[in-house]
Amino acid sequence: MNKETSKKVDISSEDIVIQIVNMHKWFGDFHVLKNINLDVKKRERIVVCGPSGSGKSTLIRCINRLEEHQKGQIIVDGIELTKDLKNIEKVRSEVGMVFQHFNLFPHLTIVENLTIGPIWVRKTPKKEAEEIAMYYLEKVQIAEQAAKFPGQLSGGQQQRVAIARSLCMKPNIMLFDEATSALDPEMVKEVLDVMISLAQDGMTMVVVTHEMGFAKSVAHRVLFMDEGEIIEENSPDEFFNNPQNDRTKLFLSQILY
């Protein structure tokens, strides 16, 4: 799966940061992911789309071992994800994840939500952690809310906080699992703007989303999943203007028109 993309990115084969080889996953008897093969290179931006239940979220949750795969290999930053807890911890320290729901601690202020990870996991001194937190709150344009509690913020603001919280751990890779799907429509743009800014900064990103405008403008590659398989992969131009698979054509006809 090494098709050329319409967006140029200065990467070589040595820059692969996520490698998935013949990966399968089951939930009991249900074969949720089937023979997944995917290479993601440094600074590359991958959008994963497809109908509900196609395995998109399970796929990216496997990348940082929130879900365990049963067959094949997942290698992140040169570390293979197995049952080895040390390897899992190493990978999670390098991979940030933003979920559909914000998962902020309601009893902590915004800045406390951002500093708890660096202080406890990376052993960052509190003052330095607070400086890092404010830097990323500025980056997501929400620094003025630092002393508030999550319940005092809108959904879009809380999701921007969640993104800043992940960035405070200084990840090499960011995973987004339907990060805008729980938001009111008017709040979606403010979160997508932050994600676009991250892309412009060169962050490696794997994004599960139904926001096709984001896929067209930001992705290097778009993957389409159905029934647990990657059935089409291409540059955004080719994916949207010249889809090859009939299932892809049907999906696009339903969401674009």
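Student: With which side chain does the side chain of T248 make a polar contact?

Tutor: In this predicted model, the side chain of T248 makes a polar contact with the side chain of E232, at 2.8 Å.

Student: And where is T248 placed?

Tutor: T248 belongs to helix α9, which covers residues 246–256.

Student: Is T248 buried or exposed?

Tutor: T248 counts as buried because its relative accessibility is 0%. Setting aside neighbours within four places in sequence, T248 is in contact with F224, I231, E232, F239 and P243.

Student: What stands opposite E232 in the strands?

Tutor: E232 is in β10, and F224 stands opposite E232. Strand β9 (residues 221–226) pairs with strand β10 (residues 229–234) in the antiparallel sense, over five bridges.

Student: How many residues lie between the strands of that hairpin, and which one takes a positive phi?

Tutor: Two residues lie between β9 and β10, and E227 takes a positive phi near 50 degrees.

Student: Changing topic: which residues touch the most other members of the largest nonpolar core?

Tutor: That core has 49 residues, and L114, L137, I163, F176, M195, M205 and F214 touch the most other members. Helix α6 (residues 185–200) supplies the largest share of this core, eight residues.

Student: What is F214 in contact with?

Tutor: Beyond its neighbours within four places in sequence, F214 is in contact with V47, L192, M195, I196, M205, V207, T209 and A219. Another core lies apart from the largest one; this other core has 30 residues, including I36, V40, I60 and M97. As background, nonpolar side chains in soluble globular proteins tend to be buried together.

Student: Now C168. Where is its place?

Tutor: C168 is in the loop between α5 (155–167) and β7 (173–177). Its relative accessible area is 3%, so C168 is buried.

Student: How much space lies in the largest pocket?

Tutor: The largest pocket holds about 580 Å³ of space. It is lined by 21 residues, of which R92, V95, M97, S166 and M169 are the closest to its centre.

Student: Which elements give two or more residues to that lining?

Tutor: They are α2, β6, α3 (110–120) and α5. The most comes from α3, with five residues.

Student: Which residues of α2 are buried?

Tutor: In α2 (residues 85–94), N87, I88, V91 and S93 are buried. The buried residues of this helix pack against α1 (56–63), β4 (71–76), β5 (79–80) and β6 (95–98).

Student: What happens at the start of α2?

Tutor: There, a side-chain oxygen of D84 comes to within 2.9 Å of the backbone nitrogen of K86.

Student: Finally, what is the strand order in the open sheet of four strands?

Tutor: The order is β2-β1-β4-β5, with antiparallel pairing. β2 (30–41) and β5 stand at the edges with a single partner strand each, so one side of each has no neighbour in the sheet.

Student: How many bridges join β1 to β2?

Tutor: Eight bridges join β1 (residues 16–27) to β2, and the two run antiparallel. Within this pairing, I16 stands opposite K41 of β2.

Conventions: Residues are numbered from 1 along each chain as its sequence is written. This is a predicted model: local features need pLDDT of at least 70, side-chain atom pairs count only at pLDDT 80 or more; totals for chains, interfaces and linings use all residues. Side-chain values use heavy atoms; hydrogens and water are left out. Two strands pair if DSSP finds at least two bridges between them. A nonpolar core is a set of buried Ala, Val, Leu, Ile, Met, Phe, Trp, Tyr and Cys residues joined through side-chain atoms within 4.5 Å. Buried means under 20% relative accessible area, exposed over 50%, partly exposed in between (1.4 Å probe, protein chains only). Contact means heavy atoms within 4.5 Å. A polar contact is a pair of N or O atoms within 3.5 Å; within protein, one must be able to donate a hydrogen and the other to accept it, and residues adjacent in sequence count only if both atoms are side-chain atoms. On a 1 Å grid over the protein atoms alone, a cavity is a set of points where a 1.4 Å probe fits but cannot get out, and a pocket is an open set with protein on both sides within 12 Å along at least five of seven lines; lining residues have an atom within 4 Å of a point. Grid points are joined across faces, edges and corners, and a volume is the space filled by probe spheres set on the points.
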